[in-house]
Amino acid sequence: MDPFMEDGELIKKTTLASYKSVCARLGVIMCVYFICRILNGLVAVMINSRADALGSVALYSLHTVIAVVLCYLIPIYMAMILFNSFDRYDGKFRELYKKPRRLARAFGNFPAMYGLGFGTAILTLIVLRLISRVSGGETFIDELFRPTTMEPSTNIASVIIMVFLIVVVAPICEEFLVRGIIYDALKPYGCGIAIILSSILFGLMHGSMFMLFYTTALGFALAYIRYATDSLFVVTILHSIFNSVSGGLLLLSSLKEITNEQSKLVNTFQSLYTLSFMILIVLGVIAFIKRIPTIKKYKIHNPWNEVSAGKKTALFFLSAPVIIMLALAVNEHLNNILFLLMFRSFE
């Protein structure tokens with residue numbers, strides 16, 4: 001019997017066996033995701049070897065299309081097969097992306113969500129600085145948690161493609177997979193566990209130890225809003241707005257590169273944009289702190305309370321496919337460091 005439930009219906013069968021089955025299927029989906037990321041890297045190397053035959057824009061466009069297919073479409077398709085989502089969501093996308101009654105209030109969560117996400121990123125940087133000072137210099141930990149940034153480019157077409165990818169494509173695909181399929185798969189076993197585990201998987205998907213912490217925090221906020229609104233509409237838009245801030249910084253940095261830092265208008269606008277970005281983080285952290293009492297009072301629906309959240313979490317991470325997924329995730333997160341160590345060994 002399928003352990004899933006339609007919205008508003010009672011769970012028909014919530015047993016350890018059904019929960020373990022869901023955990024195993026989620027592990028398989030994430031294994032597929034990380035394997036596709038590995039394949040994407042291999043394909044990228046093969047394409048770059050023939051870069052002379054392609055223009056820079058065509059090359060970047062090809063990279064983008066392949067990345068979308070491998071890292072988004074294939075995992076989503078696999079997830080829909082494993083969880084029978086074709087039937088589950090058939091004719092119900094309007095309900096899945098319905099506008100909540102208090103739409104303005106839902107969007108009003110953006111400052112707190114943004115503050116939690118980038119507040120966590122700044123906290124991570126502070127902790128790393130403290131570790132560096134205590135250790136007396138740069139360590140393996142610093143290299144492991146080095147912030148990942150999008151490098152500006154003088155090719156404006158490539159930058160526009162990148163911005164479109166992170167502002168439009170990524171939010172739609174990631175929200176449907178994580179806050180759609182994965183969240184709905186876990187919801188019958190408690191919305192709290194659905195929020196927690198989907199957030200952790202969202203953080204792991206971003207392939208960087210530094211990003212792991214703040215994307216997990218961001219995922220928690222988005223999953224909480226998903227629960228409160230019972231809709232993917234708001235979280236997809238909020239995710240897009242969140243990414244658009246970074247996309248705007250990338251676009252301005254690229255324009256600065258193109259003008260060789262000679263355009264006073266671009267330089268001024270970038271400075272104002274960066275200042276606004278920092279102010280938004282501060283205000284966002286304050287907004288999140290103010291919302292903590294409300295969050296504590298907000299009751300999380302838990303239809304399967306015979307098993308504790310701790311045991312549910314442990315059962316998830318003890319699932320064989322999830323263990324394999326974690327090994328693949330570690331490989332993804334340590335990839336740059338491993339190459340760096342290999343390179344140093346030959347010096």
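Student: What should I know before I look at side chains here?

Tutor: The model is predicted, so local features need pLDDT of at least 70 and side-chain atom pairs count only at pLDDT 80 or more, while totals for chains, interfaces and linings use all residues. Residues are numbered from 1 along each chain as its sequence is written, and side-chain values use heavy atoms, with hydrogens and water left out.

Student: What counts as a salt bridge, and how many does a search of the whole structure find?

Tutor: The term means a side-chain nitrogen of Lys or Arg within 4 Å of a carboxyl oxygen of Asp or Glu. The search finds seven. One of them joins R88 and D184, at 3.9 Å from N to O. This pair links distant parts of the chain, 96 residues apart: R88 is in helix α3 (residues 85-88) and D184 in helix α8 (residues 156-186). Helices here are DSSP runs of H or I with at least four residues, numbered from the N terminus.

Student: Are R88 and D184 buried or exposed?

Tutor: Buried means under 20% relative accessible area, exposed over 50%, and partly exposed in between, with a 1.4 Å probe and protein chains only. R88 is buried at 11%, and D184 is buried at 4%.

Student: Which residue does D230 meet in a salt bridge at 3.4 Å?

Tutor: That is K98. D230 is partly exposed at 26%, and K98 is partly exposed at 31%. R226 also forms a salt bridge with D230, at 3.5 Å between the closest N and O atoms, and R226 is buried at 2%.

Student: Which residues are linked in a network of salt bridges?

Tutor: The network links R88, K98, D184, K187, R226 and D230.

How values were computed. Helix = DSSP H or I, 4+ residues; strand = E, 2+ residues; numbered from the N terminus.
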